[in-house]
Amino acid sequence: MPITTSDVLKKATEYQNGWFFSDNIGLSQKVNDRVFVYIQPLINGFSLQLYLRGQGGGFCTLEVRNCERNLDSLWGLFELGEQWLQEYKSGDISLLEKSSYHIGNPKGIWFDGSKGWQTYDDIRSEITQHQDKQYA
């Protein structure tokens with residue numbers, strides 16, 4: 001049977017202090033005060049999401065997607081999750097909205113598997129350059 005991203009995530013979770021892997025929903029999670037984070041498998045990588053405790057609606061507040069299936073990038077998501085748990089544990093919305101990872105931030109941080117981390121401005125510049133070449 002082939003190894004899935006969920007299998008990799010489950011095994012990696014065993015090495016993380018305080019993280020729990022849920023077999024029922026297939027993701028790793030950790031809680032700190034007013035926030036919790038999930039790392040979940042995607043078809044070609046992993047996603048890290050932060051949620052506020054007690055907030056309905058099911059929308060994450062911070063999110064980053066990693067389109068690489070290697071352990072180094074997965075460890076990076078665990079580290080970022082730990083950072084978010086400490087930095088945003090109060091659940092202060094104004095702090096969350098200032099984050100580059102906030103889902104409503106049009107200049108947020110995105111990940112392109114071939115180029116690494118990019119900002120909105122980087123991506124917008126690439127699109128503009130491509131359009132300029134296409135119509136030149």
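Visitor: Before we start, what does "exposed" mean here?
Guide: Exposed means over 50% relative accessible area, buried means under 20%, and partly exposed is in between. Keep in mind that this is a predicted model.

Visitor: OK, so is Asp-23 buried or exposed?
Guide: Asp-23 counts as exposed, because its relative accessibility is 56%.

Visitor: Which side chain does Asp-23 meet in a salt bridge?
Guide: That of Lys-10, at 3.0 Å from N to O. The pair links distant parts of the chain, with Asp-23 in the loop between S1 and S2 and Lys-10 in helix H1, 13 residues apart. Lys-10 is partly exposed, at 37% relative accessible area.

Visitor: How many salt bridges does the structure hold?
Guide: It holds 3. One of them joins Lys-30 and Glu-82, at 2.8 Å from N to O. Lys-30 lies in strand S2 and Glu-82 in helix H2, so this pair ties together parts 52 residues apart in sequence.

Visitor: And is Lys-30 buried or exposed?
Guide: Lys-30 counts as buried, at 17% relative accessibility, whereas Glu-82 is partly exposed at 25%.

Visitor: Switching to the sheet: what is the strand order?
Guide: S1-S2-S3-S4-S5, in an open sheet with antiparallel pairing. S1 (20-22) and S5 (62-66) each have a single partner strand, so they stand at the edges and one side of each has no neighbour in the sheet. From one strand to the next, the twist averages 20°.

Visitor: Which strands does helix H2 touch?
Guide: H2 (residues 71-87) packs on the sheet and touches S2, S3, S4 and S5. The direction of H2 makes about 10° with that of S4.

Visitor: What about H1, which of its residues are buried?
Guide: Thr-5, Leu-9, Ala-12 and Thr-13. They sit on the same side of H1, because they cover an arc of only 100° around the axis. What covers them includes S1, S2, S3, S4 and H2.

Visitor: Now the core. How many residues does the largest nonpolar one have?
Guide: It has 22, and Ile-39, Leu-48, Leu-50 and Trp-84 have the most contacts inside it. H1, S3, S4, S5 and H2 each give two or more residues, and the largest share, 6 residues, comes from H2.

Visitor: What is Leu-50 in contact with, leaving aside neighbours within four places in sequence?
Guide: The list includes Val-35, Val-37, Leu-62, Trp-84, Tyr-88 and Leu-96.

Key. Residues are numbered from 1 along each chain as its sequence is written. This is a predicted model: local features need pLDDT of at least 70, side-chain atom pairs count only at pLDDT 80 or more; totals for chains, interfaces and linings use all residues. Side-chain values use heavy atoms; hydrogens and water are left out. Two strands pair if DSSP finds at least two bridges between them. Helices (H or I, at least four residues) and strands (E, at least two) are DSSP runs, numbered from the N terminus. Axes are lines fitted to C-alpha atoms, for helices over the stretch in contact, and angles run from 0 to 180 degrees between N-to-C directions. Contact means heavy atoms within 4.5 Å. Buried means under 20% relative accessible area, exposed over 50%, partly exposed in between (1.4 Å probe, protein chains only). The arc is that of the directions from the helix axis to the C-beta atoms. A nonpolar core is a set of buried Ala, Val, Leu, Ile, Met, Phe, Trp, Tyr and Cys residues joined through side-chain atoms within 4.5 Å. A salt bridge is a side-chain nitrogen of Lys or Arg within 4 Å of a carboxyl oxygen of Asp or Glu.
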